[in-house]
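Reader: I have the sequence and the coordinates open, and I would like to go through some local features with you. Could you begin with the terms you will be using?

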Amino acid sequence: HRTFVDDSRDWNAPPQVVVATKDGHMVLSPVTGKQLSATLHVVGCEGRKDELRAIADGRERTYRFFFIIADPLKEKTTAEWLPLFGEAQVPAAPVNSPDAGLEDAQLLHNQVYAELETPLGTVRAPRYPMTVDGNVLRPLMPAPALGQDNDMLA
């Protein structure tokens with residue numbers, strides 16, 4: 001999507017912030033110079049700062065940054081990295097499996113999913129992601145069963 005009508009520059013996808021670890025993946029999103037520097041420090045690559053500073057193009061520098069940290073990140077598990085990045089104040093989070101995501105403490109605390117009864121059994125449905133006057137907005141009813149509303153079309 002282009003904001004300016006006369007923008008004809010080639011579009012490049014942003015760098016990938018989902019990074020591989022020893023046992024899975026995590027999202028790593030350093031934004032400020034301080035966070036980038038801290039990330040290099042945490043993964044043991046602080047000696048590469050001058051290499052990055054020498055790259056004038058921001059996009060190229062970002063790609064190089066993620067290339068530099070890729071191999072060191074594979075040396076520890078996600079659970080080992082997260083507290084290190086937390087202490088360094090670098091935004092990082094695990095990439096959960098679907099089951100782990102459903103058991104995530106923050107999702108449970110925020111009551112992200114509602115359980116609704118249907119003729120086929122209990123289903124899980126995401127709720128509207130806000131509260132109104134402190135009230136959680138939950139789905140009123142589940143999606144209809146296949147063919148349930150066909151007679152309304154006649």
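Author: Let us start with exposure: a residue is called buried when its relative accessible area is under 20%, exposed when it is over 50%, and partly exposed in between, using a 1.4 Å probe and protein chains only. This is a predicted model, in which local features need pLDDT of at least 70 and side-chain atom pairs count only at pLDDT 80 or more, while totals for chains, interfaces and linings use all residues. Residues are numbered from 1 along each chain as its sequence is written, and side-chain values use heavy atoms, with hydrogens and water left out.

Reader: Thanks. Is Q111 buried, partly exposed or exposed, and where is it found?

Author: Q111 is partly exposed because its relative accessible area is 35%. It is found in the loop between α6 (105-109) and β4 (113-118); helices here are DSSP runs of H or I with at least four residues, strands are runs of E with at least two, and both are numbered from the N terminus.

Reader: And what is the phi of Q111?

Author: Q111 has a positive phi of about 50 degrees, although it is not a glycine. Most residues other than glycine have a negative phi. Q89 also has a positive phi, about 60 degrees, without being a glycine; it belongs to the loop between α4 and β3 (92-94) and is exposed, with a relative accessible area of 59%.

Reader: Changing topic to α1, which of its residues are buried?

Author: In α1 the buried residues are Q35, A38, T39, L40 and V42, and they pack against β2 (25-28), α2 (49-53), α3 and α4. After α1 comes G44, with a positive phi near 80 degrees.

Reader: What does T39 touch, apart from its neighbours within four places in sequence?

Author: With those neighbours left aside, T39 is in contact (heavy atoms within 4.5 Å) with L28, P30, F65, I69, F85 and V90. T39 counts as buried because its relative accessibility is 0%.

Reader: You mentioned F65, so what ring does it pair with?

Author: The structure holds two aromatic pairs, where rings of Phe, Tyr and Trp (its six-membered ring) pair if their centres lie within 6.5 Å, and planes under 30 degrees apart count as stacked, over 60 as edge-to-face and the rest as tilted. In one of them, the rings of F65 and F66 have centres 5.2 Å apart and planes at 90 degrees, so this pair is edge-to-face. F65 is buried at 3% relative accessibility, and F66 is buried at 13%.

Reader: Now salt bridges: how many are there?

Author: The count comes to four, where a salt bridge is a side-chain nitrogen of Lys or Arg within 4 Å of a carboxyl oxygen of Asp or Glu. R48 forms one with E51, the closest N and O atoms being 2.7 Å apart, and D50 forms one with R53 at 2.9 Å. Another is made by K74 and D71, at 3.9 Å from N to O. Salt bridges that share partners join R48, E51 and R64 into one network.

Reader: Where do D50 and R53 lie?

Author: Both D50 and R53 lie in helix α2, three residues apart, which is about one turn of the helix. D50 is exposed at 56% relative accessible area, as is R53 at 60%.
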